[in-house]
Amino acid sequence: MLIWWGGSPSYNVALARSAEMVLRWSERPPVTRLRTEERQIIVERQDFARGSPRPGVPAHDLTFNFIIMMTLFAAGRETFSNRNVAGLLLAAAILFLTHVAGLIVTIKSIYALQLGAWSQANYGSVARNIWGAAAHFYRLVGMYAFAVGLWWLLRPGVVVEMPKGRSVRKRKSARS
Amino acid sequence: MSIARGGDERLKRDRALFLVRFIGIVVGLYILIALNPVNDHVIVPFTRFITVIAGWMLGAAGQQVSVNGTIIGSPTFAVNVENGCNGIEAVILLIAAVAAFPARWIDRILGIILGFLAVQIVNTFRVAMLFWLGAHHPTVFQLFHVAVWQSLIILFSVGLFVLWSWKFAAPKALATSR
């Protein structure tokens, strides 16, 4: 938890820049700018009226599944083995991509649902439902499923052959 | 016993298969609970039930609280128990993991029922403790609400699955296949 909390400010900057790049790539014209402020990611659009309040996304709400994944990797018997550390690093890299996706759908759900008349004018009912559901899914269960799934997929484990030819997996923490 | 040739490939394939099933079931269960009739007639009444039990626990611990729907309140503090606080997300993960794991159906059903009860007991304690923290130590409420208890409840759910798969489901499945 200390690693997550201590590394969050720098991590949030990388997260905001990556999400901004994808958002701007998908916009015509590109108008979204993201900046970090304390532990929030603030959404700036060049077409927002000056002086209007800027929506913010609490970054820790989107990224704290890192604690869950790290704990699961650390709970194995060979915490500092090369395979475990390599698995953790790869999982962390993939988890970063899910954080970028989580931030993008959260910002899109803000655009689609929370900007009043502007949202209604620019997003149809299908788009509003899709972005709203995607952000809700990520926040309610998706972020946990990604963390647990990455641990399950990339944790160390070996397969041993049973005497009669049947095989069973010998795991560090669980069978798969 | 000897290390199996090609075992790593099989392990990767098994894990990938589990992951596909797991994510698929998570998405399916999410869609189910997101449906308005399910939300209105199952999730909300269940959340009210959790709120009542948590309120009762706080009352038994000497706290002056009142419960109204999904809100627990006192003269100085109130919390609204919503989706994400009712333990359903942890139960969804547990059900998806148990259902995706190769095991006998009876073991799966047993794992889901016992796991559901265990998660909900811990979650009710979590709701009561979060209210107590908010009322008496508001500065740390947000940290515990978002990061600490959310992580603990998910890790508890994963821990239950690992225990189930390790101690109960896999040995029996293996024994039956011999």
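This is a predicted model: local features need pLDDT of at least 70, side-chain atom pairs count only at pLDDT 80 or more; totals for chains, interfaces and linings use all residues.
The strands β1(A) and β2(A), the latter covering residues 40-45, are joined by 6 bridges and run antiparallel. Strands of a sheet pair through backbone hydrogen bonds, in either a parallel or an antiparallel manner.

The sheet to which these strands belong is open and consists of 3 strands, arranged in the order β1-β2-β3 in chain A, with antiparallel pairing. Its edges are formed by β1 (32-37) and β3 (56-58) of chain A, each of which pairs on one side only. When direction is ignored, neighbouring strands of this sheet are turned against each other by 25° on average. Helix α1 of chain A, which spans residues 2-26, packs on the sheet and touches both β1 and β2 of chain A, and the direction of this helix makes about 170° with that of β1(A).

Within chain A, a further packing arrangement involves helix α3 (residues 65-74) and helix α4 (residues 82-113), whose axes lie 10 Å apart and which pack at an angle of about 165°. Because angles over 145 degrees count as roughly antiparallel, α3(A) is described as roughly antiparallel to α4(A). The crossing of α3(A) and α4(A) is right-handed. On the side of α3(A), the residues F66(A), M69(A) and F73(A) take part, and they meet N84(A), G87(A), L88(A), A91(A) and L95(A) of α4(A). By residue class, the contact of α3(A) with α4(A) comprises 6 nonpolar and 2 polar residues, with no charged residue.

A helix pair is also found between the chains. The crossing of α6(A) and α3(B) is right-handed. Chain A contributes L140(A), V141(A), Y144(A), A145(A) and V148(A) of α6(A) to the contact, whereas chain B contributes E89(B), I92(B) and L93(B) of α3(B). The residues of this contact between α6(A) and α3(B) divide into 7 nonpolar and 1 charged, with no polar residue.

Notes: Residues are numbered from 1 along each chain as its sequence is written. Chains are lettered from A and ligands numbered from 1 in the order in which they are written. A crossing is left-handed if the near helix is turned anticlockwise from the far one by less than a right angle, and right-handed if clockwise. Helices (H or I, at least four residues) and strands (E, at least two) are DSSP runs, numbered from the N terminus. Two residues are in contact if their C-beta atoms, placed from the backbone, lie within 7 Å. Ala, Val, Leu, Ile, Met, Phe, Trp, Tyr, Cys and Pro count as nonpolar, Asp, Glu, Lys and Arg as charged, and the others, Gly among them, as polar. Axes are lines fitted to C-alpha atoms, for helices over the stretch in contact, and angles run from 0 to 180 degrees between N-to-C directions. Angles under 35 degrees count as roughly parallel, over 145 as roughly antiparallel, 65 to 115 as roughly perpendicular and the rest as oblique. Two strands pair if DSSP finds at least two bridges between them.
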